[in-house]
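Trainee: I have just opened this one and would like to go through it with you. Could we begin with the strands and then turn to the rings?
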Amino acid sequence: MKIRKNISMVLCIGAALLLCSCQKTPDTVKQNASKYQKIQNVKKAKLQYVSVGHILDDQEEVLAGSYQNLTFEKTVHIDQPDSISVLSLKVADPFGTKEKLGDICRSFWGTDKYRKKIMRLDDLKEYPKGVGIYAFHYYGDDAKDSARMSDNGYVALYKENSELGTNGQQEIFHIDWNEDLDKVYELDGEKVVVRDAVEYVNQWCNDHWKILEPDYNYKVKTVYVCRNKEKGCYFCFDVCKFYQGMPFDDIQFYTNDGKYYIRNSLDVVMEQSQDISFFRNNDNSYKLVNDEKHNDKVIGLKQAVMLVQEKMTGRQKFKIADIDLKYVICSDLTKDDLEKKNISSYDFPGNPATARPVWSFILDYEPTKEEKEYNAWPRKFINVDMITGEILYQDLAS
């Protein structure tokens, strides 16, 4: 059984229309000004900085304020990070060993019976030039237990006949929106409380996966309640990786200038109470090369809101469902760089990337049926770089 990566990466190529600016309002935004807000009525935001401990100053006042093109929903929830940095990263090279895969398999299945079956596979189509994986039953059928650990840190653990994703999605729980997590669903004949399932997944990731990626802490961000016609309900979890109190982005997208933004999160499926049936590390693992601290000079919430008001003037009024403080990873390589190096992908072992801290304003909108088909929770957003104030607007769902 060959486990495939999330197809959303392929579907998003060429679809992402982004407008980026750090000095002036984007031209396409200006063209729409006559339809919506008047640019001359918006004060230009003078860039101001605060220390990390003051980024949430006057939060209630800011979110309750009146703005020409922004309104904030009650679901907005912002956590205070411990530290803010610009991170230099490189894709793991290599991430795995036979022993490491054996150890995580023992944690996942509760038995060591698969350790001896793990083999090294090289010269695979997706990883040419001798880059390979450690795996067992990787090419078996769906009825078998299967596991793989790639040199770049992509890991997938799959119990026989497990669900792989959010098919038949019924309901979404946003853990950081203070939603009711005491709802009960029946999983494989047993009643399971959403809150209990979240706590189990958090504990498992921090007890077991953290051994392989020790720089992070792990916390469920979103729960998807799904239904299989034969099996009934099951849960899918979007698990964020936190570095010093701030998560990495769980959205993957391209920009029209060829930049590739990479999610750094975990996918987990639960089909029975207190048990994980599918686990995946998306889309690879990174080694921290340099941590450049910016705790004394960052853009706070009030400044970020003013920048969005200024730079996005001319668009329709945005309803903001949430504001995330997070690290957005962008590959340091362009498509031309890949061709010159004769490398097949951005996540090839050793490739460089940079993680930058952003304020991410998540737009409240109703996704189309087509968007939901390839993404459990498609999102549009406006990102504000916490160091430069640069705006990145994603108006097609990722």
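Mentor: Two strands pair if DSSP finds at least two bridges between them; strands are DSSP runs of E with at least two residues, numbered from the N terminus. This is a predicted model, in which local features need pLDDT of at least 70, side-chain atom pairs count only at pLDDT 80 or more, and totals for chains, interfaces and linings use all residues. Residues are numbered from 1 along each chain as its sequence is written, and side-chain values use heavy atoms, with hydrogens and water left out.

Trainee: Which strand does strand 16 pair with over 5 bridges?

Mentor: That is strand 17 (residues 278-282), and the pairing is antiparallel. Val269 has Phe278 as its bridge partner there. Strand 12 (residues 232-243) also runs antiparallel to strand 16, joined by 6 bridges, and Cys236 stands opposite Val269.

Trainee: Why is strand 16 largely enclosed?

Mentor: All 6 of the 6 residues in 265-270 are buried, so the rest of the structure largely encloses strand 16. Buried means under 20% relative accessible area, with a 1.4 Å probe and protein chains only. Ser265, Asp267 and Val269 cover one side, and Leu266, Val268 and Met270 the other.

Trainee: Now the rings: how many aromatic pairs are there?

Mentor: There are 22, counting Phe, Tyr and Trp (six-membered ring) with centres within 6.5 Å.

Trainee: Is Phe279 buried or exposed?

Mentor: Phe279 counts as buried, because its relative accessibility is 0%.

How values were computed: Buried means under 20% relative accessible area, exposed over 50%, partly exposed in between (1.4 Å probe, protein chains only). Helices (H or I, at least four residues) and strands (E, at least two) are DSSP runs, numbered from the N terminus. Rings of Phe, Tyr and Trp (its six-membered ring) pair if their centres lie within 6.5 Å; planes under 30 degrees apart count as stacked, over 60 as edge-to-face and the rest as tilted.
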